[in-house]
Amino acid sequence: MNSLELLKSIVLILALTMDSFMVSFTYGASRTKMSVSAIIIMNLVMSALLGVAILTGNYLTVFLPGKFTGTASFLLLFLIGLYRIRSGFQSRKETVTGDNMSHLGIWEATGLSAILSLDNIAVGVGTGLVEEQFPVLVIGSFFMGVLMMKVGWRIGKHSRILFKQDLSWLGGVCLILLAVSTLR
């Protein structure tokens with residue numbers, strides 16, 4: 001793999017993991033704890049589905065016609081975003097300094113990672129990547145995804161403390177923006 005291909009892979013990995021950053025920011029702002037096991041499971045699922053999409057390439061388009069992945073990703077992220085905005089405004093009475101942090105469950109993390117992977121599947125199928133980039137993309141997206149989730153959660157958590165109010169509605173806005181970005 002030459003340096004230009006490596007640079008393209010790095011840019012693609014960053015693009016694929018930005019949604020992980022946004023989602024974890026949302027959880028940090030809403031005081032939802034993301035355990036290390038949930039983060040690892042989410043990134044294993046997303047990286048595995050990216051790998052499957054790259055390896056199967058054009059064969060996967062037989063099962064996922066046209067813009068299915070983009071539309072499904074948009075709808076799911078948009079609806080979750082609306083729900084987060086509504087929940088955020090309903091919980092305005094909650095104190096920011098309280099210790100009432102909820103936890104992201106393993107099953108919820110697995111479902112969320114499947115939703116976030118729809119974009120990865122579309123990218124894996126649509127980019128026409130050669131198999132020599134496969135290990136770099138799959139392994140790189142796993143480790144970068146873990147890093148982006150940890151950083152996003154911390155920034156979300158600290159932004160809530162800094163602004164002294166419930167910012168979970170802002171996470172919903174981020175998810176809606178992420179949903180809109182999936183429309184191509």
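"Buried" here means under 20% relative accessible area. Keep that cut-off in mind, please. This is a predicted model.

Let me start with the whole chain. The protein chain has six helices and two strands. Read from the N terminus, the order of elements is α-β-α-α-β-α-α-α. Of the 184 residues, 45% are buried. The exposed surface comes to about 9700 Å². Carbon and sulfur atoms supply 72% of that area.

Now contacts. Take the pairs in the protein chain that sit at least 6 residues apart in sequence. Of those contacts, 95% join residues at least 24 apart.

On to helix H1. H1 covers residues 3–29, which is 27 residues. How far apart are its end C-alpha atoms? They are 38 Å apart. At 1.5 Å a residue, the helix should span 39 Å, so the two values agree. H1 also has a kink of about 30°. The kink is centred on Thr-17. After H1 comes Arg-31, with a positive phi near 60°.

Stay with H1 for its surface. Leu-4 is in this helix. Is Leu-4 buried or exposed? Its relative accessible area is 51%, and the line for exposed is over 50%, so Leu-4 is exposed. Leu-4 also belongs to a nonpolar surface patch, together with Leu-7 and Val-11. The three residues have about 290 Å² of accessible area together. Look at the spacing in that patch. In an α-helix there are 3.6 residues a turn, so residues three or four places apart point the same way.

Next, helix H2. H2 runs over residues 36–56, 21 residues in total. Which residues of H2 are buried? The buried ones are Ala-38, Ile-39, Met-42, Asn-43, Met-46, Ser-47, Leu-50, Gly-51, Ala-53 and Ile-54.

Pick Met-46 from that list, and follow it to Ser-117. Ser-117 is in helix H4, residues 106–126. Its relative accessibility is 0%, so Ser-117 counts as buried. What does Ser-117 touch, leaving out residues up to four places away in sequence? The answer is Val-45, Met-46 and Leu-49. Ser-117 and Met-46 are 71 residues apart along the chain. Their C-alpha atoms are separated by 5.1 Å.

Two more positions. First, Leu-76, in helix H3, residues 68–90. Leu-76 has a relative accessible area of 35%, so it is partly exposed. Its C-alpha atom is 9.3 Å from that of Leu-116. Along the chain, Leu-76 and Leu-116 are 40 residues apart.

Then Val-180, in helix H6, residues 168–181. Val-180 is at 44% relative accessibility, which means it counts as partly exposed. The C-alpha atoms of Val-180 and Leu-75 are separated by 9.3 Å. The two residues are 105 places apart along the chain.

To recap: H1 has its kink at Thr-17. H1 also holds Leu-4, which is exposed. Thanks, over to you.

Technical notes. Residues are numbered from 1 along each chain as its sequence is written. This is a predicted model: local features need pLDDT of at least 70, side-chain atom pairs count only at pLDDT 80 or more; totals for chains, interfaces and linings use all residues. Side-chain values use heavy atoms; hydrogens and water are left out. Helices (H or I, at least four residues) and strands (E, at least two) are DSSP runs, numbered from the N terminus. The expected span of a helix is 1.5 Å times one less than its number of residues. The bend at a residue is the angle between axes fitted to the seven residues ending there and the seven starting there. Buried means under 20% relative accessible area, exposed over 50%, partly exposed in between (1.4 Å probe, protein chains only). Contact means heavy atoms within 4.5 Å. Accessible areas come from the Shrake-Rupley method with a 1.4 Å probe; for residues, only the protein chains shown count as cover. Patches are made of residues with over 30% relative accessible area and no salt bridge: like charges are joined within 9 Å, nonpolar side chains (Val, Leu, Ile, Met, Phe, Trp, Tyr) within 5 Å. A salt bridge is a side-chain nitrogen of Lys or Arg within 4 Å of a carboxyl oxygen of Asp or Glu.
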